[in-house]
Every structure is written in C-alpha cells, then in structure tokens.
Amino acid sequence: MFAGLRPRRMLLCTAVLLASASGFAVSLQSSAASDIDVGNVGGMTLRLALPIRQTSGSAGRAIFDHDRLFVITPFPHSVLALNLARTDASVLWRYSPRADGMAAGLATGHVTTDGAVLSAGRLFLNTFDGHTIALDAATGGVVWDVAMADVERGETLLVAPLAIDDRIYIGNSGSDFGVRGWMAALNAATGRMLWKRYNAGPDVEVGIGEGFSSPYLPREPDLGVTSWPANAWQQGGGGLADAPIYDAPLGLLIHTTGHPAPMNAEQRPGANYFTSGLFARDALSGDARWFVPINPHDLYGFGAAGSLIPADIHWQGNNRAVLIHPDANGMVYVLDRSSGQILSAHPFLEVNASEGLDARSGTLRGNPAKAAHVNSTTRDICPAWPGATGGTARAAFAPQTGLLYIPVSRLCMDMEARQASFMPGTPYMGANLRIKPPRDSNRRGALLAWDVAAGRLAWSADESLPVESGVLATAGGVVFYGTLDGWFKAVDASSGRPLWQFHAASAIVGQPIGFQRADGRQYIAVAAGVGGAAGAVAQKEIDIRDATAARGYANAIRDLKPAATDGMLYIFSLP
Amino acid sequence: MLLIALALLACKREARELRTDPPATDALNGVVPMANRINGGLPRIFIAQGSPYENNAYQLGQGKRLYDWFNCKGCHANGGGASGPALTDGRWRYGPDPVSIFLTIRDGRPHGMPAFANRLTTEQIWQLTGYVRTMGAYSAQTAAPSRNDEMQSRPAENRAPAATEIRMPPSR
C-alpha cells in the first residue's frame, strides 16, 4: 500500500546527504511542473534533509518566500534563511538572538517555538525568553528588538506574532506561573506598543466598554474582577493559549485565552473571567467586541487551547462566516465570527469531564463526579490536562471536503488538587497529575476527520502515540501530518486511506507547509525534532519511575526514547 | 511487666529540634564552596550537631513538607522532573553532595533554577537539601521522611529500587 521509499534506501539516501560537504545537498532543480495529488503523492521523494542543531521540538512553521525558506529553531533560537535557488540550498544568513538561560526552566509542556511571520520584507519573531524582534528578511539585520515579557516572573512568549498591515500582535504565556495574560499590538516599523489589553481585571484594562456584547455573560461591570476571589485575577493566568487570527472584513482580532492559575480550582471560586475563552477585539483599538467563555472556572487547565479556523461555509441553508474551533475540552465549536454566537458544539471524542453544552450559558455542563478536589484524587478524568487537541497540534480545514482534520490525544488522567502558594517565578500549579493511556494503548492518538456541517466523525486514523503535529490539507486532496514516533504521513483527505509515509530521524511536532516555486512545482516541508507536551518525556532528564513526571506524561508515554540525532528539516516533492 | 517497661525506657527517642538557636543558624549558612560552586566543605556545626539534616527523620519530614509548599513540584514533579530535571535518577547537573544541593537551592543555578535565599531560612534550606537527597535512594539511608499523604506516584523515599532504567507498567 505504501508506495514511499523503503527504509533501507531511505537510510542510504540520508547518509549521502549528511556526508556531503555542505551538510546536505540534493538538487532542488526540477524539470516538469506538477501538483501533488491523491494519485501521485505515493511517488513523492525527499529533496532535502537539513540537520538543525537542536534536539528539542521543532514546532515552528517554516516560511517560504521568493525561493528563500526561513526556519526558526527552538529556544535558544536561531533563525536561518536558506537559498532554495541554489542546488545546495546554502544559508543566506543566520541570526541567533542573545538568550536568557533562565527561560530554559520555564518550558512546561511544549519546549518549542511557534515560528515567525513574514510581512513587507521583515521577519517578526517572538523569543521564548520574552523578546519580540523584527529582522530584515534580506540580510538578517535587526530592525528592532523589544523586551515584552519578564522571564523572572515566569512570563514567556510562546506563540508566534501575527502581522496585519503595519501592526504586530503578540500575547504572553505563563499561566502555569500565575502570570496575568495580555494581548498587545506593536507598530511594525518601530516596535512601539500601540495598545495592551489584559485577559482579566477591571473592564478598562480588559478593553470592555461600548461595543462589547456577549449573550453568554452576565450584564455586570468588571466581571474580570468580581468572578475571582479578592485580587486573585492579578496572578490568575490566562495568557495566550493558541495562535490568534484576523478577520479582515470585520476588522476583528480573535484570540484564545489560557487557563486560570492555579490549576487547583477550589482556590479560585467563581467563573474566572476572562480566562479559558475566546476574545474578539477591534484590531485597531484593542477594544473587546465579544467574548465566549469556553471553559469558565476551568477545572483541568485546558485554557481555550485549540486552533481557530475562519471559514465561509454553507450552514443550514445560508452562507455564513464562521469560526471553527476544536477545543482542548474535546468539543468542536462552530461560532458566528461577527457575534460570537455558538452555532453548534459536538464532542469529537469520548469525554467524561463534561456532559454536553448548555445552550443558554454557552458552556459545558460539568460532570460533578469528575471534579477535582483539594487533597483527594479524582480518577480517570477524560480528556487529560493537555487537552484532546491544541498546542502544537494544529487542525486544518479543507473547504472542498468540508472536513476538519484534528490531531488528537486520547488520554485520561488522575488529578489531585493541592493548595498552591503564589511565589513569582515559581510554578503556581497546585495539582498532582498522572496521565493514563486508554485501555488500548496502541491508540493514544489519532487524526480525526470531522464533518463540520453534519457534526459527526467522517473517518479516523489511529496512532499509537498522541498526534502533536500540525496538519496540512492541500488543494490536491491530500492531508499531511506527523507522529511522535517519527512518521510523516500522507492520507486521502476524503477517506483517510494511507497514501505515502516517510520515517524521519525524530518525532514530528512541527507544522508541515506546502509551497510552490517559480517552476510551478509543489514542495512539502516539515521539521522533525522531539518536543510538544508529550515529547517532554523524551527530551528532559525525566525519571519515569515517578508517574507524575513531565506533568504526568511519564505514566502514559513510556515508549518514547530520546532522539539520537539533531532535529532535521525535510523538503519533499514529486520526482 | 516491669522488664518490658524498663526495656522501653532504654529506647532512645529521636530528638526533634523544633527551633535552631540563632547563632547555630548563622553558622549553618557557612558552607565553603569550591570555586565553581559545586561541592565544598560543610559548615563545622553541621557535623558537630551529628548531621541532623541527613539522618534525623523529623528534619527530613519537614523537608518533604517544604518540597510541596514551595512549588518544587511544579518543575521537578515528585522527583521525576518536568521542566526541571529529575531528582531521583542519580544524575545531578550541579553535584549530588549536600553542599552542592544547598547552594543550588539557596543561590539558584543557570538554566532555570531560581534562588530561594529570600524565601526560606537557612534551616529550611538544609531540611529541603536532606529531603531531596533521600528521594532517589541510590545509597542506603538510616532515616526516612514521614509517609506520603497525597497521590502515590512513585516508590517511597528509601524504598525505591536503584536508579536504573526500569520498565514499570503505568498506574491504572
């Protein structure tokens, strides 16, 4: 069935690549223009394998522009600009920002980077240690560099910036350290801050005023204060949980907010607004337009993690501008982009932490039997804290099939809440966590194809390990994704039938990209390098005899070995 | 009956020093580290007191409580590590001896370990040092901390098998 390269031939090929003088060299020249589709993807071959001197997770999305490929490596970061016009894809420039080593200890969950963004000849990136940097894409020279997050307090920048017109949008991370979440806009030319809005606190700091409406919130002022115990919002977390998006016709910036701190929910009675939800803001002023509480009073640290995918689809007889959001809590949400109204919400896998959506409040009915309590262990909560999807696992929507491709983890957990004390710069967590594999530990992950209009599962491809990579759905009807055991796979978008696979040197948690060069030929690129939330088991000094190690992953993933090689960047095309 | 009573009286009860004298606390801070801040000389009072932070169950038990209260778990889990390295695997980035661990907690280390000098007293840092050294149990110890009153996630201190790679089935 797999028409891909046999492992032996592949090994030889890679060896040749690595042995060559420049570290890699395969001709990128091509003869005939061609498009990758279901019929020919089986013949896709490796065109380039570039070692990236980094073993930790390469989650970033490489950027293709005018025969240049920009790659950003995990912390401590380097940015590489590769010249694809030359047969050896030589390095045009390399930039390594000065790194604050203390940030290395803050990387809970995904020790990765989210990549950079290219806009108007400039490359914008967030460093994990809290800098937003603008580089000249032609030379790699620094245009500006501003410190936006304070590593000493556990604050980091984990999610890549978003560039719209002459503005750069960034949001902080650090909910595990009790860092108050915010979203900010910078002037792309100078790095000067245009506005900064918090995800908890008084209305004036959150940006709530005229023009804000939400059917799912009580009509009261300062919900970001009153839904918390006294002053708890100041260390209440709620940083950015996933990549923000921009809706140009509406002028809306839509972003997720992360989980409230501490994870012990009994320490923060109340709904804990505006953490664990979806915010829409006016992109120019930062003023809030609507908010949907996805997991208010978040019991399990889900945040509102999960991809935000704008789509214009045929919905119950009308064309509608919707937002598709597969959430960490195991539900696929379809919302109206302009109002935030929830059009539908269905579970995409088995969950027991919640029992369906309450249409009036827009939130899930929690299962009291699975609530976590201080000093007592609640067993078998599904999904586990990393969520059913989210983080590096980014979903993709293919308009031609109407299917949403969701990379998922099918994990459950035992959780014991503990009293947490807030000390800036140390984790503000308050939970003992032990993740459990499902009964059949050969299906801890999967790629699911979800029929958005019908609200049901179309097909699924089970994986032994959680799927933590991003998904690429091409116009040719092929879906690409990677696995933690190092397979890069192509399946049929309509049926899930395996079409091609390639074994990488390490786990794949990155985002595959497709691009077309001037010759008209399509290329697929992906980075390998173990990382992501689950990959923490394999990359740090972890002792799996402790079931709570790596936030409980040590109990569920004992078969992932540390990678023997550096991270790699692979580029494929048809021969 | 009388004999039993006499025999029990002969048992030496382990002393609990609930509060160290201020001069002793000052002296306990006087470690003599090597130039690279790894290993070094113990304060003389540490040994003169009979190394209570190594072999007094009360002191180790206090260390265990501090380990929970001061957010050590957020990074090091219950010894297995998370964003910080494991403390039970017998591998130490900055040395396994009491002076190294004391310095690690008091002054912090590069790559993420914050300093706790302003958050803990010298006595508490020694209690924590003693407890951290019992977690891995790669050497025989005469004292163990108090029992666990929370989720059991690993073999008890001083009951753990030697720190080699062991394939255990996951907890169900």
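In this predicted model, chain A contains an open sheet of four strands, ordered E25-E26-E29-E30 and paired antiparallel. Strand E25 (396-398) and strand E30 (456-463) of chain A lie at the edges; each has a single partner strand, so one side of each is left without a neighbour in the sheet. Averaged over the sheet and with direction ignored, neighbouring strands are turned by 20° against each other.

E25(A) is joined by three bridges to strand E26 (residues 403-409) of chain A, and the two run antiparallel. A:Ala396 has A:Tyr405, in E26(A), as its bridge partner.

The next topic is the interface between the two chains. Here 40 residues of chain A are in contact with 48 residues of chain B. The size of an interface is often given as the accessible area lost when the parts come together. Between chain A and chain B the buried area is about 3,600 Å², and carbon and sulfur atoms give 47% of it. On the chain A side, A:Glu541, A:Arg545 and A:Arg558 supply 24% of the area that chain A buries against chain B, more than any other three residues.

A:Glu541 also takes part in a salt bridge with B:Arg93, in which the closest N and O atoms are 2.7 Å apart. The count of salt bridges between chain A and chain B is four, and 25 residue pairs are in polar contact, both at pLDDT 80 or more. Strand E24 (377-381), strand E27 (412-417) and strand E28 (431-436) of chain A each supply at least two residues of the side that touches chain B. The residues on that side of chain A comprise 14 nonpolar, ten polar and 16 charged.

Technical notes. Residues are numbered from 1 along each chain as its sequence is written. Chains are lettered from A and ligands numbered from 1 in the order in which they are written. This is a predicted model: local features need pLDDT of at least 70, side-chain atom pairs count only at pLDDT 80 or more; totals for chains, interfaces and linings use all residues. Side-chain values use heavy atoms; hydrogens and water are left out. Contact means heavy atoms within 4.5 Å. Buried area is the accessible area (1.4 Å probe) that two parts lose on being put together, summed over both. A salt bridge is a side-chain nitrogen of Lys or Arg within 4 Å of a carboxyl oxygen of Asp or Glu. A polar contact is a pair of N or O atoms within 3.5 Å; within protein, one must be able to donate a hydrogen and the other to accept it, and residues adjacent in sequence count only if both atoms are side-chain atoms. Ala, Val, Leu, Ile, Met, Phe, Trp, Tyr, Cys and Pro count as nonpolar, Asp, Glu, Lys and Arg as charged, and the others, Gly among them, as polar. Two strands pair if DSSP finds at least two bridges between them. Axes are lines fitted to C-alpha atoms, for helices over the stretch in contact, and angles run from 0 to 180 degrees between N-to-C directions.
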